[in-house]
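I opened the model to check folds, helices, salt bridges and backbone angles. My entries follow the structure.

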Amino acid sequence: MTRYPKWAIHLGLAIICTLMLIPFYWVLKTSLTGENIFSYPPAILPENPHLFYYVDVWYSIPFFRYLVNSVVVSIIVVVGNVVLNAMAGYALTRDFTGKGSVIMLFLSCMMIPFQVTIIPAYLITKELGLLNSHLGMALPLCSTIVCIFVFKASFDAIPKSLIDAARIDGVPDWMIIFRIMVPLSQSAIATNIILAFIWSWNNFLWPLIIIRDNDMQTLPLGLARFLTVVEDTTGALYAFCIMVLVPGLMIFLLAQKQFIAGLTSGAAKG
Amino acid sequence: MLRWSFLLNRYVVTFGTIAVAAALWNLYIAFNDDGIVEGRVVGPSGQPVAGAEVILSERTLLVTEPRQRVTTDEAGTFTITGHRYHRVWLKAVKPEIGASPQTEYRLYFRGANLHLEEPLRLEAGAS
Amino acid sequence: MAFAIRKKRTRELLLIWFFLAPSLLIFALYRIIPLLWNGVLSFEFWSPYKPAEFAGLYHYEEMILYDDVFWQSFWNTAVFMASAPIGILFALVIALLVDTPIRGRNVYRTIVFMSYPVMTVAVGIIWQWLYNEDVGLINYILRSLGMSGRGIPFLNSSTYALPAVIVASIWQVVGFYMIILLTGLQNIPQSLYEAASIDGASAWQRFKRITLPLLRPSIFLCFVIGIINSFTNFDLIYVMTDGGPSHATELLVTYIYRVAFKLGQFDYAAALTIVNFAFFVFLAWLANRLSGGEAGAVEST
């Protein structure tokens, strides 16, 4: 298939990658720069780089509090996802009346973007008394249809004979799940963990709607509201931006394979 | 030995390193956040100035507010203790000689100890 | 004996429904009931402080006949959607490049994809800075190249704001398109190319006759993602322009948010949501129809 010399492909990709990386670099540079941010022309390399903007962020907003909120919500979402999706996925591998309708229901729910449900979802959350709470932020994300199907596919791939043999031996259901199903569907679990984490970590619209309390803000909310809180601290804003980006990117880079596998399997599902 | 080898994966290593680094950093902070600022005040020609007033200020939204004042001893040195800021402004004044320009010192954490390498230099005529 | 089997069967059924119940409950609470509730709400006069009153088609009439902002955001959403092919084209080029057997292609893939999992709020802030009128990188480049004398206030100009936001959005999503197209490319059997080569087909012919047709499902999937993106891309707009200047970048989703949570008109926002959803379902159906039912939906919240 190669018609072009290799160096040409490398050159093309290098240009594309540079274009993709420049925005990251520019913000990183701004967050480190020691010169006046608003002088023209802007310096390409940071002059007298320092880390003090990061210190400013740490003290001008309750960064740690936001981080904890984000982490708590992510943990609830990840645990909820893995447990609930695995349960639902397992149920869907069994035969029962109404299975077809349940699957249809799930597939049609997939067609409802979360964004079109925000108003009643807000009202429902208010009725449940979950406004301004971690659980309220996490609950809508606690089960994901794509991941239910990922689990179902993974459980379906486990040979029936194995489970039947265990069942005949009188192994209880919960033990079958923990000793056979879970170890054999590690990749589904990993996929679900990383997808759920990224979704919850980046989630913005929902916390924006239900969080009024300053103490309950998550990182994306804090980032979006930072400008209005602190004027005069442009450098700190971009330092904050980097501080928010790093955890997400780090986890993406660590679990890249599972993340991409999850996304493509989700995308291929009809 | 083998039982712990499952810990040797990139997740544990990465997050473990971060946790250790954070712990070390906090340990460092715990030992260095007495809020001590040490330095010297010198006159226009570089001789130590005794009895100069050193003012430590904090910047609020628009103005710098004086928070602490100390006076230098015979050798021109001064010590401020117990500040709780991560950005401090220092200025030395001696009415008979002059004043040093108000200078900002940024610190890596609140109440960090600061040892001034460069003395505060009074400029004649300034106030 | 039969009784015992029945009992066992009942227990199993109970277990199954017990396993399904939490997920079903969440979807009922946050997908199905809200959708129905929206439908009901859109025919009512309602606010949190006063009891509901039947409104008939009042909100729909208001929206379609008198609400210019609705139409503006409708068209903006359509423009946003229509820009998806640009991103897909870029992604196709990149996918073809990284599909070649060269060294370091995994690194290239990672770099191109890296902007996708990034928090959209951060993407908005990054691009806002790049577009800065005085010291933004883009204006700096334009001025250095002599293409513009003064800085262009991209995000404050009604002409450039929407394209500027679209560029940022493409930057974020292009890696995702690339991964999907790459998966599609890798599923094309190599033997087809070999056979075509033996028959003397040129590279361009092979691309046109083999790659493109076999890649059609993947390309359509990208389109569907582009459509979903134009309906759900709230974060980016909210951070970069907040729908401004004077609604030049208002999408349906940001308009709904504004009407409901800034103006407090939940009933009207519900009607907007219903129209938005109907538009979305129509497009999804159309895309599915055109692709012969190959493209699926993807979760992207």
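**Backbone angles**

I started at Asn48(A), which is found in the loop between H1 and helix H2 (52–60) of chain A. Helices (H or I, at least four residues) and strands (E, at least two) are DSSP runs, numbered from the N terminus. The model is a predicted one: local features need pLDDT of at least 70, side-chain atom pairs count only at pLDDT 80 or more, and totals for chains, interfaces and linings use all residues. Residues are numbered from 1 along each chain as its sequence is written, chains are lettered from A and ligands numbered from 1 in the order in which they are written, and side-chain values use heavy atoms, with hydrogens and water left out.

I looked up the phi of Asn48(A) and found a positive value of about 45°, although the residue is not a glycine. Most residues other than glycine have a negative phi. Is Asn48(A) buried or exposed? Asn48(A) is exposed because its relative accessible area is 62%. The cut-offs are under 20% relative accessible area for buried and over 50% for exposed, with partly exposed in between (1.4 Å probe, protein chains only).

I then turned to His247(C), where phi is near 65°, again a positive value in a residue other than glycine. His247(C) lies in the loop between helix H11 (234–240) and helix H12 (252–262) of chain C. His247(C) counts as partly exposed because its relative accessibility is 27%.

**Chain A**

I counted 14 helices and zero strands in chain A. Its pattern along the sequence is α-α-α-α-α-α-α-α-α-α-α-α-α-α. The radius of gyration of chain A is 23 Å, whereas a compact globule of 270 residues would have one near 18 Å. That radius is taken over C-alpha atoms, and the globule rule is 2.2 Å times the number of residues to the power 0.38. Along the principal axes, the C-alpha trace of chain A spans about 75 × 60 × 35 Å. Of the 270 residues in chain A, 58% count as buried.

I took helix H1 of chain A, residues 6–32, as a separate item. H1(A) has 27 residues and reaches 36 Å from its first C-alpha to its last, close to the 39 Å expected at 1.5 Å a residue. The expected span is 1.5 Å times one less than the number of residues. Where does H1(A) have a kink? The kink, of about 40°, lies at Leu21(A), shortly before the proline Pro23(A). The bend at a residue is the angle between axes fitted to the seven residues ending there and the seven starting there. The buried residues of H1(A) include Pro23(A), Phe24(A), Trp26(A) and Lys29(A).

**Chain B**

I found one helix and ten strands in chain B. From the N terminus on, the elements run α-β-β-β-β-β-β-β-β-β-β. Chain B is more spread out than a compact globule, because its radius of gyration of 21 Å is well over the 14 Å that the globule rule gives for 127 residues. Its C-alpha trace spans about 75 × 35 × 20 Å along the principal axes. Of the 127 residues in chain B, 30% count as buried.

I also looked for surface patches. Trp4(B), Phe6(B), Leu7(B), Tyr11(B), Val12(B), Phe15(B) and Ile18(B) form a nonpolar one, with about 680 Å² of accessible area together. Patches are made of residues with over 30% relative accessible area and no salt bridge; like charges are joined within 9 Å, nonpolar side chains (Val, Leu, Ile, Met, Phe, Trp, Tyr) within 5 Å. Accessible areas come from the Shrake-Rupley method with a 1.4 Å probe, and for residues only the protein chains shown count as cover. Phe15(B) counts as partly exposed, at 34% relative accessibility.

**Salt bridges**

How many salt bridges are there over all chains? My search of the whole structure gave 13. A salt bridge is a side-chain nitrogen of Lys or Arg within 4 Å of a carboxyl oxygen of Asp or Glu.

- Lys99(A) pairs with Asp95(A), the closest N and O atoms being 3.8 Å apart. Lys99(A) counts as buried at 18% relative accessibility, whereas Asp95(A) counts as exposed at 57%.
- Arg258(C) pairs with Glu250(C), the closest N and O atoms being 3.0 Å apart. Arg258(C) counts as buried at 17% relative accessibility, and Glu250(C) counts as buried at 0%.
- Glu104(B) pairs with Arg106(B), the closest N and O atoms being 4.0 Å apart. Glu104(B) is partly exposed, with a relative accessible area of 30%.
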